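Take a look at the model below. This report walks through its helices, its core, its disulfide and its aromatic rings.

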Amino acid sequence: MAEAGSLPTGFGELEVLAVGVVLLVEALAGLSLNGLTIFSFCTSPELRTPSHLLVLSLALADSGVSLNALAAATASLLRRWPYGSGGCQAHGFQGFAAALASICGSAAIAWGRYHHYCTRSRLAWRTAASLVLFVWLSSAFWAALPLLGWGHYDYEPLGTCCSLGYARGSRNFTSFLFVMAFFNFLLPLFITVTSYRLMEQKRGRTRTPQVPALIAKMVPTVNAVNYALGSGIWQRLSLQRSGWDSAQGATRVLR
């Protein structure tokens, strides 16, 4: 892995600064929206259901992606990688594990919704907890493999962020990439698309739902809006706050 030093040839300080600002905005937006989802789950007893546990797991994964982007934003604003080679490996592992948990977590939510709408039976706590545990253990397993020699983490072209070293075309990395992509991209995508198509067929509709593209480091914001709104988490939080405000107003009137 190359050591981080001066900016790569072809990149100016203004370009690196612009990337840092964009990453910072995305990171703060993702942390804010997913933080609201986590707060809603923790403070609203009616939201503590098995299906919402899957949404909570996704929010935690996306918060991890946002934290990873925040570290990259800090390095970009500093115009250098300040955490050393070991920090690069840790940054790559953390970001990759969180990204895989986000992708697999989305597939788990899709399956959970299929189970609810097509079988008309509620998702059990044991099933939801098992899904969450599997998602995180599987993500940590695949993210740890580059640290053990199959695949590798390296600096990205700007030198201010670390991820899988795509620049190396070795057989070692190529074999890891293909196997990992099958189990962590193609398989979750198949589960997600199939689950929603079966749901639409069950409802008697001919149009299948749109599957949003997974855009790196923007997924946390997209997921927070998509799943939190779709699950009614923020709406219930707003109603809860309205109830608190009404109660406080009534108390003032009585006084």
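Is Phe182 buried, partly exposed or exposed? This is a predicted model, and in it Phe182 has a relative accessibility of 44%.

## Aromatic pairs

The structure holds seven aromatic pairs. One of them joins Phe141 and Trp142. Their ring centres lie 5.6 Å apart and their planes meet at 80 degrees. Planes over 60 degrees apart count as edge-to-face, so this pair is edge-to-face. Phe141 is partly exposed, with 48% relative accessibility. Trp142 is buried, with a relative accessible area of 9%.

Phe182 and Phe183 make another pair. Here the ring centres are 5.0 Å apart. The planes stand at 85 degrees, so this pair is edge-to-face too. Phe141, Trp142, Phe182 and Phe183 together form one aromatic cluster.

## Helix α2

Helix α2 covers residues 50-78. Its 29 residues should span 42 Å at 1.5 Å a residue. The end C-alpha atoms are 43 Å apart, which agrees. Of the 29 residues, 21 are buried, so the rest of the structure largely encloses α2. Just after the helix comes Arg79, with a positive phi of about 65 degrees.

Ser76 sits in α2. Is Ser76 buried or exposed? Its relative accessibility is 0%, so Ser76 counts as buried. What does Ser76 touch, leaving aside its neighbours within four places in sequence? Its contacts are Val16, Leu17, Val19, Gly20, Leu23 and Thr160.

## Helix α3

Helix α3 runs over residues 84-119. With 36 residues, α3 should span 52 Å. The distance between its end C-alpha atoms is 52 Å, so the two values agree. Arg120 follows α3 and has a positive phi, near 60 degrees.

## Cysteines

How many disulfides does a search of the whole structure find? The search finds one. It joins Cys88 to Cys162, with the sulfurs 2.0 Å apart. The angle about the S-S bond is -120 degrees, and the link is left-handed. Cys88 lies in helix α3, while Cys162 lies in strand β2 (residues 162-164). The two cysteines are 74 residues apart, so the link ties together distant parts of the chain. Both Cys88 and Cys162 are buried.

Cys42 is partly exposed, at 47%. Cys118 is buried, at 16%.

## Nonpolar cores

Which residues build the largest nonpolar core? It has twelve: Ile38, Phe41, Leu53, Leu54, Val55, Leu56, Leu58, Ala59, Ile109, Leu123, Ala128 and Val132. The largest share, six residues, comes from α2.

There is also a second, separate core. This one has eleven residues, including Ala97, Leu100, Tyr153 and Phe173.

Conventions
Residues numbered from 1 in each chain as written. Predicted model: local features only at pLDDT ≥ 70, side-chain atom pairs only at ≥ 80, totals over all residues. Heavy atoms only, no water. Phe/Tyr/Trp six-rings, centres within 6.5 Å; stacked < 30°, edge-to-face > 60°. Buried < 20%, exposed > 50% of the residue type's maximum accessible area, 1.4 Å probe, protein only. Helix = DSSP H or I, 4+ residues; strand = E, 2+ residues; numbered from the N terminus. Expected span 1.5 Å × (residues − 1). Contact = heavy atoms within 4.5 Å. Disulfide = S-S within 2.5 Å. Core = buried A, V, L, I, M, F, W, Y, C linked by side-chain atoms within 4.5 Å.
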